Amino acid sequence: MPEEQRLERPSRWRRWRRRLLWLPLVLAAASVLQVAVLRFVDPPFTSFMAIRQVKALAAGDTGFRIAHDWRSLERMSRSVPLALIAAEDQRFAEHRGFDVEAIEQARERNEEGGRMRGGSTISQQTAKNLFLWSGSGWNRWLRKALETWYTFWIEVLWSKSRIIEVYANVAEFGDGVYGAQAAARTWFRRDADALDAAQAARLAAVLPNPKRYSVARPGPYVQRRAASIQRQMRNLGGEAYLEGL
């Protein structure tokens, strides 16, 4: 083999190795840039929406359409973010993305054999809905690692009001129905700014499992949970609570 070819191969390998070493840093920087941009730009869709649409197409359901219509907090009933916080993350204003106490409580309830509940915060749910997937098995742990990374940067770069605004617009309230505005139009035939406390509580009551529970046909569990959410909304201080965000 000519001397020039023997020298070229190691040199080429070193270049590729340097590129591979830089790849994690480039991906990390890109993800942080994603979060920074979405602090100011309303996301037109999320990874969950894209995955749901692809699944519909793969199943041959070419008529399926995602229901989603962005509304800012100013164009949304204040009962909506309040109900979501009361239902999903009552220490939302206090933690920095992770609620260790809630995680431990969820673990204890699940070990006791009660209704399965997670300990994810609204910040974590926002990260998962925007950028990731549900997953199970080994890829669930990969998703959890990425969720932690995105949650950290969301809390660093966004305000609490921005977090709850995005979550209210990307949470899934029914199969293919994303965000409070689409949910309000689908089930109450009104805009999100016209929802009352009971309706907002019913939307929040189907989370985090909107495919199992129905806003349109609330069973005993959803009815009890909606009533509990309304009590928690009052315990938090009502709409005045949102001023602290």
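Biologist: If a salt bridge is a side-chain nitrogen of Lys or Arg within 4 Å of a carboxyl oxygen of Asp or Glu, how many does a search of the whole structure find?

Modeller: The search finds 15 salt bridges. Keep in mind that this is a predicted model: local features need pLDDT of at least 70, side-chain atom pairs pLDDT 80 or more, while totals for chains, interfaces and linings use all residues. Residues are numbered from 1 along each chain as its sequence is written, and side-chain values use heavy atoms, without hydrogens or water.

Biologist: Thanks! Which residue meets D69 in a salt bridge?

Modeller: R71 does, with N and O 3.0 Å apart. D69 is partly exposed, at 32% relative accessibility, whereas R71 is buried at 12%. Buried means under 20% relative accessible area, exposed means over 50%, and partly exposed is in between (1.4 Å probe, protein chains only).

Biologist: Is E88 buried or exposed? And R225, buried or exposed?

Modeller: E88 is buried, with 14% relative accessible area. R225 is buried too, at 13%.

Biologist: Changing topic: where is E147, and what does E147 touch?

Modeller: E147 is part of helix α6 (residues 138–157). With a relative accessible area of 2%, E147 counts as buried. Leaving out residues up to four places away in sequence, E147 touches S120, Q124, A127, K128 and L132, where contact means heavy atoms within 4.5 Å.

Biologist: Which residues is S47 in contact with, leaving aside its sequence neighbours?

Modeller: Beyond four places in sequence, K128, N129, L130, F131 and L132 are in contact with S47. S47 itself belongs to helix α2 (residues 47–58) and is buried at 16% relative accessible area.

Biologist: Now A59: buried or exposed?

Modeller: A59 is exposed, at 66% relative accessibility. You will find A59 in the loop between α2 and β1 (67–68). Its C-alpha atom is 25 Å from that of R143, a residue 84 positions away along the chain.

Biologist: Let's zoom out. How many helices and strands does the chain have?

Modeller: There are eleven helices and three strands. In sequence order the pattern runs α-α-β-α-α-α-α-α-β-β-α-α-α-α. The C-alpha trace spans about 80 × 45 × 40 Å along its principal axes.

Biologist: And what share of the residues is buried?

Modeller: Of the 245 residues, 41% count as buried.

Biologist: Last one: what share of the contacts comes from residues 24 or more positions apart?

Modeller: Such residues account for 70% of the chain's contacts with a separation of 6 or more.

How values were computed. Helix = DSSP H or I, 4+ residues; strand = E, 2+ residues; numbered from the N terminus.
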